[in-house]
Amino acid sequence: MPKISVIIATRNRCYLLPRAIESARLAGGGVEIIVVDDASEDETPSVCATLTDIRYIRTSRQLGVGGARNVGLLSSTAPYISFLDDDDARLPGSFDKQIDALEAAPEAGMIYGRAFYGDEKPSDDFYPEHCPTGDLFWELLRWNFIPCPTVVFRRSCLTRAGILEEDLAGVEDWDLCVRIAELYSTIATDEPVAIWRRPSQSSGQFTSESEKLHQHAHRVHKERWLRLPRAVAASPAERRALQRDFAARASQQLVWEAASNLKARHLPRFARVAFAGARMYPVGVGKKFLAFLTSRLGTETVERT
Amino acid sequence: MPRVSVIIPTFDRPSLLPRAVESAMRAGTDVEVIVVDDASIDSTANVCSRLRGIKYIRLDRNQGVAGARNIGLLESTADFIAFLDDDDLRLPGSLDHQLSLFETLPEAGFVAGGVLLGDQHCAPTGKTALVRAERGDLFWKILELSVHLIPSSIVVRKSCFQEVGLFNRQLAGIDDWDLWTRIAEQRPVLIDPAPVCIYRSATPSSKQGSSSLARHLLAAANHQPKLFSLSRVRTAPSAQRRAVRKMTRRRIADTLSWRAAEELPNGAFRFAASNFVTALRLSPAWAMRPTHLQVFWRSTKARFS
């Protein structure tokens, strides 16, 4: 009987997939690896045929990450579940440590940890800086600090809270964490457990279109998460504060990204991202702009005198 | 290992549920009955604790019928899956009969059977849902709603879900049609007219999901263009797509008018009106055909004579 099912949803990335699978195998004992090939059009089937000790499932048409992970869940047999993306990697021994911690904390629904940012090789930066634990529902409604490849879910909690939503492209893992955190407490390991490939302009990951993703998350926040029973039970003032915090954080990130686009002279992208940020949280962005102007004016007057 | 898992999603129907469970157990040998309690707020949990030999899963949050069926799927261990609604009944030996049908068409995705229509207490009224024997590729017929499939009459091969994905939770009321279409696109289907279940017919006042017929059929018509992204539709000539669209609208208009005419003598004016308006919206010329109007006129007269 395997201890943990690692579900790797993959599409058209057969050159990265073996690395993810190998890392998952080394991350713990009793690992059941389920590769869900989301109707890839490249060499993925033949690459997977050469790999031993994996369960390979191929969908007949593209289901998206959420749908493919759900299909993987269907054939998983272990009491713990982890979702690994085909371009991420797990660190050796990390599953064993996290499962031990989960078994010591029967009331917890999931455990997460830190992830190194990495491209091909890991860098020294990791994310998140702090790992809060306990009841994370309200914190997760402000921002997403849980890197998906670092999470180990208890399967029974995952089924009782509901599996992944297929129509939430890009935020399905955040949504799952929110729904589990609403019902169960969360624990964390302080040490890094995974390597997370940072989305870049050219990597073709969905997260590269960050302004769309933030807008999508903003909609989901308003239409789904704030309608969860615990959020509904909160006072209207609290809900407004949550909404404000969420928008402030998202727009802050967008402004930061707009600034880096401006530096790189990607003007059309700068305009798009800045506009999206300004629309999401006009007051905050306006303040920031004013601060920027006054600092500029300040330095100019200093230079003149 | 059980041969077939019967998944019974239930919500707030403790008085009807034990009968459905009982009928499922008698419907075949080696049956695994899985009751998914969709976060009922009444005595369902108590009632289930008294039922012997079932797998009981209680969800923490209401997921809707599709979500509950998905969770049942995750917990099932058999290679074949039957769905039973908590207010319907399976006929004795019917599961064994349907499993034997799979041997005649081994690559079949699912097998559907005949349906006896019952009244509010599930006593057979002598009417049956029209079922014709068919086998082979029924994709186009299911897509254009020419074949009406009742979930309680169907046994599915579990591996189909790995090919086409699970139920879509966002499509309340038409999630089953969406799934049957996706399966039929890939695999042949077998329909056998021998009755296998008793369907508790919805009346306009029974507060069953299917009593909002017009809304569901309208949702089906609106969802159909999304199913047109299936590869077999995409590669079909556009004339065929248009023909399917037209046929679907007429079918829906027919069904709505027929049900309205059937209920009019009982004084269900609102139901009839909403059906007629929906039929008009979908296929104005078809809904205004003299035969339809004649039927309406006759049933209205029957009410007042």
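**Entry 1: the cavity**

I started with the lining of the largest cavity, whose residues divide into three nonpolar, four polar and four charged. This is a predicted model, so I kept that in mind while reading on. I looked up the volume next, and the largest cavity comes to about 70 Å³. My search of the whole structure turned up one cavity of 30 Å³ or more.

Which residues line the largest cavity? From chain A I noted A:Asn70, A:Ile163, A:Leu164, A:Glu165, A:Glu166 and A:Asp167. From chain B I wrote down B:Asn70, B:Phe167, B:Asn168, B:Arg169 and B:Gln170.

**Entry 2: helix α3 of chain A**

A:Asn70 from that lining sent me to helix α3 of chain A, residues 64–74. How many of its 11 residues are buried? I found nine, so I call the helix mostly covered, with buried meaning under 20% relative accessible area. The buried ones include A:Arg69, A:Asn70 and A:Val71. Three glycines are also among them, namely A:Gly66, A:Gly67 and A:Gly72. A:Ala68, A:Leu73 and A:Leu74 are on the buried list of α3(A) too.

**Entry 3: aromatic pairs**

I then turned to the rings and counted 20 aromatic pairs over all chains. One of interest to me is A:Trp174 with A:Trp225, a tilted pair at 5.0 Å centre to centre and 50 degrees between the planes. A:Trp174 lies in helix α7 (residues 172–183) of chain A, while A:Trp225 is in the loop between α8 (210–223) and α9 (229–233), so the pair ties together parts 51 residues apart in sequence.

Are these two tryptophans buried or exposed? A:Trp174 counts as buried because its relative accessibility is 10%. A:Trp225 also counts as buried, at 0%.

**Entry 4: charges over rings**

What lies over the face of B:Trp286? I found B:Arg289 there, at 3.9 Å from the ring centre.

**Entry 5: confidence**

Chain B has a mean pLDDT of 90, and 97% of its residues reach 70 or more. For the complex, the predictor gives an ipTM of 0.87 and a pTM of 0.90. A reminder to myself: where pLDDT is low, the predicted coordinates should not be read in detail.

How values were computed. Residues numbered from 1 in each chain as written. Chains lettered and ligands numbered in written order. Predicted model: local features only at pLDDT ≥ 70, side-chain atom pairs only at ≥ 80, totals over all residues. Heavy atoms only, no water. Phe/Tyr/Trp six-rings, centres within 6.5 Å; stacked < 30°, edge-to-face > 60°. Helix = DSSP H or I, 4+ residues; strand = E, 2+ residues; numbered from the N terminus. Buried < 20%, exposed > 50% of the residue type's maximum accessible area, 1.4 Å probe, protein only. Lys NZ or Arg CZ within 6 Å of the ring centre and 35° of its normal. 1 Å grid on protein atoms, 1.4 Å probe; cavity = no way out; pocket = protein on both sides within 12 Å on 5 of 7 lines; lining within 4 Å. Points joined across faces, edges and corners; volume = space filled by probe spheres on them. Nonpolar A, V, L, I, M, F, W, Y, C, P; charged D, E, K, R; others polar. pLDDT = per-residue confidence, 0-100.
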